[in-house]
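The paragraphs below go from sulfur to salt bridges to surface.

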Amino acid sequence: MVKFSKELEAQLIPEWKEAFVNYCLLKKQIKKIKISRKPKPASLYPIAHHPYCGLSLFQPVRNLARTFSDKLFSSSETPEILEVRRRKSSENGDDVEEIYQTELVQLFSEEDEVKVFFARLDEELNKVNQFHKSKETEFVGRGENLKKQLDILAELKQILSDRKKRNLSGSNSHRSFNSSARNSDFSAGSPGELSETQSETSRTDEIIEALERNGVNFINSATRTKTKGGKPKMSLRVDIPDAVAGADGGGARSIATATSVLWEELVNNPRSGGGDFITRKKIQCAEKMIRKAFVELYRGLGLLKTYSSLNMIAFTKILKKFDKVSGQQASSSYLKVVKRSQFTSSDKVVRLMDEVESIFTKHFANSDRKKAMKFLRPHQQKDSHMVTFFVGLFTGCFVSLFSIYIILAHLSGIFTSGAQVSYMETVYPVFSVFALLSLHMFMYGCNLFMWKSTRINYTFIFEFSPTTALRYRDAFLMGTTFMTAVVGAMVIHLILRAAGFSANQVDTIPGVLLLIFICVLICPFDAFYRPTRFCFIRILRNIVCSPFYKVLMVDFFMADQLTSQIPLLRHLESTACYFMAQSFRTHEYNTCKNGRIYRELAYLISFSPYFWRAMQCIRRWWDESNTDHLVNMGKYVSAMVAAGVRITYARESTNLWLTAVLVSSVVATLYQLYWDFVKDWGLLNPKSKNPWLRDDLVLKNKNFYYFSIAVNLVLRVAWIETIVRFRVNHVQSHLLDFLLASLEVIRRGHWNFYRVENEHLNNVGHFRAVKAVPLPFRDMDSDD
């Protein structure tokens, strides 16, 4: 049977862990009570050995009288052993909080330990109540804000519907009016047209008045102008009152004042000429944002409901343990107080969940409750044994094919001086791309496994959908599939070369493999992890266009991965030039390398990942006004300079460029190491209770962190090889480059775990377990 402490650890919300009842601490206190109840050892010099020695002669009579009185005056009710008093505290202004404090009515033999236990139990109960009340207030405020947003959306839909009807009726009346005008040579405005304009203005005014009655204020509503056609020009802006926007004490207000300009696009920026500026597409965009906010609100309410139930079970378990140890029935008295406390007695969460279900079903699911529940309660993916089977199958195939490849390569002598140039220039660039990609997928699978094992909520951090998020088995399956396909293609390549096939035909195999991979990546069918593939493409688009897109965690995390895959990008350049120049037919491999454009593109490709990452830092600084992002941008600029200097030194090996390589690389490396350890990992804190680490650690063994610091330091200085140059021939040069590229991928995978761990601990420190979704209609105070 699993202990409840382990069960609680597995089920609690990781971001709210500190707000849960400290079950282990209370268990330790009960253990102290149990130890204090053990009989003390007998004295070495007993005063008397007789059991009645030292007792009064009237002691039996007293015992008999006490027993008789207990039976005579005893009642059916169990006497109260303790009394839990509730007092109200208003330390935070008008916010009144209930504080519970226990007093012992009956004396215990181990009274001091019992007092400490109940004092700590009161602290835990007060902590749980206060946290539950704060989150309940926050979610209730969000709910009120969302209902306000939904009312505005409904009125906008009504405006769009009325306008569509008027346009249809207006076009019909316009045709009849033109025919009558031609017959009567009448050119002035008709009374019908004037009445239509007046009715439209009246209808718009009615809608504005209805919105204002609901608490929404329009700025400049009284000074609306008209277009040339006489129709009202709605250059209006909405102002959500502070009472609504800030009903949650700041949480909902921060969401309502998010950086969204949809309202200005909907109402405040009409097209020239007074066209139809409230479009169905914009309404759908606003509706999608509100729907997503409702889903997050429902998820938060579900987490709070789980929080209440788990804490209730924890209090029940710990009180039963106390009764068992103390031999008293104290749990009944205290459990009555727990059941009457705020986190169990309040029904606001349940009622709001029912209300959200009803609203979502009506407005976003066409009154189909089953469809609504698919959005509100998405089912988690179940682990498939077939995935595990195929991972093992492809791993075995990869090992077998790689062994066959080594034997065939040795027998065919492809690494001899005569054949090495042809083979390495043909096979190495393409196959190394897949090898590095597969290694990165394997490292990502290891990251997913470790994040899951340590209960790091990576799906929330990256904002992945729980129904389509990639699991570690899936990542391993993708990595082993890639490597099996690559090594299989390499074996086929060697077999066909040995069979005497034309080199022009055989050397097209790497290109065919690359083409198949691209086709699978952009395949529109729901196969081969389509949500993951499309998410990857979308993230790449955001990275390339980073200044024009709001930067999310997953965007700059992926951009950091690209900075470690510059060799892969360089190999893609070689492969593209190889096939575009048709070198696989002519086998003139220096056609690309001697070209000026090809050599200049090497700088561009080496700079691009750092440039994209620097642009992301600028965008984040623009959005968040945090100067740390500008300092972070300097790190990528220094890395960009160091990469360019190393490329130049590889072509011009002079002492001047050697000095430039040393200076730029040392500066960039020190910059990167500082940011890795201090900013990205949150380590090297001299005041931490864990020497030179941080106060909160996910891994229990601190030696892992010290070892990781050393590994990251060693792999960061791998650029020293560009100066020492342990190279003998052409084959060894390529293999050494591949080894260094692989070490950088391994370093990045190792870095990923601690980066996400630090982000998770930041969320835990601020109790962030639900995403803050920006809403379309905002408080106009945010414009100031």
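Zero disulfides turn up in a search of the whole structure; a disulfide here is a pair of cysteine sulfur atoms within 2.5 Å. Take C523: its closest cysteine sulfur, in C519, is 8.8 Å away, too far for a bond. C523 is buried at 14% relative accessibility. Buried means under 20% relative accessible area, exposed over 50%, and partly exposed in between (1.4 Å probe, protein chains only). C535 is also buried, at 17%.

This is a predicted model: local features need pLDDT of at least 70, side-chain atom pairs count only at pLDDT 80 or more, and totals for chains, interfaces and linings use all residues. Residues are numbered from 1 along each chain as its sequence is written, and side-chain values use heavy atoms, leaving out hydrogens and water.

Now the salt bridges. The structure holds 23, each a side-chain nitrogen of Lys or Arg within 4 Å of a carboxyl oxygen of Asp or Glu. K147 pairs with E355, with the closest N and O atoms 3.0 Å apart. K147 sits in helix α4 and E355 in helix α12, so the bridge ties together parts 208 residues apart in sequence. Helices are DSSP runs (H or I, at least four residues), numbered from the N terminus. K147 is partly exposed at 22%, and E355 is partly exposed at 31%.

E573 and R570 also form a salt bridge (3.6 Å, N to O). They are three residues apart in helix α22, so about one helical turn separates them. E573 is buried at 8%, whereas R570 is partly exposed at 27%. Elsewhere, D676, R716, E744 and R747 are linked in a network of salt bridges.

Technical notes: Helices (H or I, at least four residues) and strands (E, at least two) are DSSP runs, numbered from the N terminus.
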